[in-house]
Amino acid sequence: MHHYSSEQLEVFANNIRENIIEMLLEAKSGHTAGPLDLADIYTALFFEILKHDPKNPNWEERDLLVVSNGHTIPVCYATMAEAGYFPKKELLTLRKLGSRLQGHPERLRLPGLETTSGPLGSGLSQAAGMALALRLNNQLNRRVYVIMGDGEIDEGNVWEAAMFCAKNKLDNLIAIIDRNNIQIDGFTEDVMPLDSIKARFEAFNWYVLEVDGNNIESVIDTIIMAQAIEFKPVLILAHTIAGKGVDFMENNYSWHGKPPNSEEAKKALHELRTLGGRIRSEHQ
Amino acid sequence: MDYQNYLIEDITKDLQKESLRAGFGRGLLSAGEIDSNVVALCADLTESTQMKLFADRFPDRFVEIGIAEQNLVTVGSGMSALGKIPFVTSYAAFSPGRNWEQIRTTICLNDRPVKIVGSHAGISVGPDGATHQMLEDIVLMRTLPNMVVLAPGDSIEAQKMTLAMAQDKRPNYMRLAREATPIFTKAEYEFKIGPAYLLNKGQDISLIATGTMTYQALVLAELLFKDGIEAEVIHVPTIKPLDKETILKSIKKTKIAITLEEAQINGGFGSAITELASEFYPIPILRIGINDHFGESGDPNELLEKFGLTASKIRLKLHTFYSSNKT
């Protein structure tokens with residue numbers, strides 16, 4: 001049962017992408033490719049999947065979303081604003097002195113964040129601790145979701161956590177890996193080969209689902225399927241296109257860790273606002 | 001505040017000995033009985049960290065992590081997000097030795113009340129050698145904002161400290177030692193996180209000690225008394241935040257001090273005291289501890305002797321320092 005039509009979800013995702021570009025342009029630093037390619041997954045989570053209340057971020061029945069790849073936080077901030085956690089104009093304070101929107105997320109500064117992250121590889125462990133505590137608390141109607149980057153799983157802490165999740169049969173935990181194939185130094189398969197991520201997690205006794213991470217409907221369906229899996233933690237390997245939505249950024253690892261300049265931002269926003277030239281932008 | 005009642009009547013007697021970790025094990029069991037949110041996580045060292053008492057009594061609240069210290073503290077952080085009070089235990093060389101960044105980000109910056117317990121700290125670990133003799137844990141933990149750093153003096157205090165930790169809302173680190181050491185505090189006296197404890201009054205020199213080295217300081221004070229020096233002994237179980245008032249009051253009176261710890265003096269407890277003194281009341285301070293060295297295998301007592309951490313060894317060093325600096 002969906003809350004929104006496919007068209008409406010596409011509009012949310014597109015707004016999120018536009019806001020990511022505008023935030024990064026204003027901040028003059030930050031990561032671009034990951035946030036753009038994650039916009040569809042965040043749209044699926046915040047508008048269809050997560051049990052949450054933007055007006056009551058500490059709601060005791062809420063699902064928990066752990067952002068393990070903290071550098072991609074602009075997509076989370078933009079989605080939170082789109083969902084009504086805070087006014088969109090606050091997005092332009094990203095990375096500025098006194099802002100609640102720190103360059104890497106800090107839980108204590110912004111209600112709605114479940115943890116503080118940036119150094120990679122520790123989100124899955126925290127999510128596992130949360131999932132185990134939910135079980136101990138007998139809070140069986142709540143779930144934990146954790147989003148990781150693909151390069152992030154170079155970190156040993158991830159594999160310590162992967163063993164732990166399987167041992168404890170944490171079926172109230174769903175991990176999503178943003179398989180965009182890039183990291184700062186290049187393509188993941190050149191920096192430190194990861195394939196087959198699916199086989200690796202299966203060998204660790206996880207249930208693995210794969211999905212086109214840039215297809216919102218597919219992402220929703222896959223997460224709903226993941227919710228039905230019992231006695232195993234589930235990994236959703238979400239294949240995405242790095243920099244998705246902006247042609248000159250797509251699949252280019254040099255956009256992993258830098259923001260657009262004003263010319264590039266203008267070009268990117270034009271593309272997003274015209275849906276790749278298919279419609280006329282109201283900004284024109 | 002006068003804490004002289006904290007000390008047993010006569011420390012020159014042959015004192016009963018017990019390891020700090022044994023006290024921790026009992027304290028954790030009591031904490032678990034008092035509060036059902038207390039959970040215990042261990043990295044494959046359940047017996048030797050003395051978590052077994054808790055694990056046997058509360059199997060559902062005991063979490064075996066395996067040999068994975070990064071996972072140990074981050075799972076702890078996650079559990080604390082749901083109201084749990086996790087005691088996460090390993091040897092200090094591994095936790096906080098290996099997982100410092102995870103502690104920094106997911107516990108301190110994230111301000112989660114995880115209770116990190118590092119057993120087998122100090123050179124008195126003995127035969128296991130330098131790899132397992134953690135000497136840098138105090139400095140690693142005391143530089144972290146939000147972290148409370150604790151070092152009990154004996155097993156009785158370790159037991160009470162564990163209960164106090166379970167009620168404290170901040171991230172805590174407690175360092176424990178392996179060997180059985182003399183019990184010099186009274187079981188009935190209340191322990192609080194925060195205060196330094198004045199155990200012996202004197203006006204000539206301040207002996208400021210933490211952990212099991214407080215016992216050496218007490219013995220040293222007895223020896224110095226025979227030498228005509230009246231030493232004040234201050235026991236500092238809470239290394240961070242420091243009880244500035246008690247420490248400054250003592251050094252303003254004696255105008256000379258030594259610090260005692262079974263850890264690196266560079267950045268460790270000795271540094272903490274000298275930083276305080278240099279800022280508010282500069283006086284000559286001799287730091288006793290490990291000076292930019294690793295330990296080695298050996299019998300614990302041989303090692304304490306070799307590294308100059310026994311009362312008789314410190315006495316010799318102290319006289320030179322005292323005669324050239326006491327005004």
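Student: In what order do the five strands of the open sheet in chain A stand, and is their pairing parallel or antiparallel?

Tutor: Two remarks on conventions come first. This is a predicted model, in which local features need pLDDT of at least 70, side-chain atom pairs count only at pLDDT 80 or more, and totals for chains, interfaces and linings use all residues. Residues are numbered from 1 along each chain as its sequence is written, while chains are lettered from A and ligands numbered from 1 in the order in which they are written.

The open sheet has the order β1-β2-β3-β7-β6 (chain A), and its pairing is parallel. Strands (E, at least two residues) and helices (H or I, at least four residues) are DSSP runs, numbered from the N terminus; two strands pair if DSSP finds at least two bridges between them. At the edges stand β1 (64-67) and β6 (207-212) of chain A, each with a single partner strand, so one side of each has no neighbour in the sheet. From one strand to the next, the twist averages 20°; angles run from 0 to 180 degrees between N-to-C directions, and axes are lines fitted to C-alpha atoms, for helices over the stretch in contact.

Within the sheet, β2 (residues 144-149) and β3 (residues 173-179) of chain A run parallel and are joined by six bridges. Opposite A:Gly149 stands A:Asp178 in β3(A).

Helices accompany these strands. Helix α2 (residues 33-49) of chain A lies across β1, β2, β3 and β7 (234-239) of chain A, and runs at about 150° to β3(A). Helix α8 (residues 216-227) of chain A also packs on the sheet, where it touches β3, β6 and β7 of chain A, and its direction makes about 170° with that of β6(A). Two residues are in contact if their C-beta atoms, placed from the backbone, lie within 7 Å.

Buried residues of α3(A) pack against α1 (6-27), α2 and β1 of chain A. A residue is buried if 20 or more other C-beta atoms lie within 10 Å of its own, exposed if 12 or fewer, and partly exposed in between. In helix α3 (residues 73-83) of chain A, eleven of the eleven residues are buried, so the helix is largely enclosed by the rest of the structure. Among them are A:Ile73, A:Tyr77, A:Met80 and A:Glu82. Just after α3(A), A:Gly84 takes a positive phi of about 100°.
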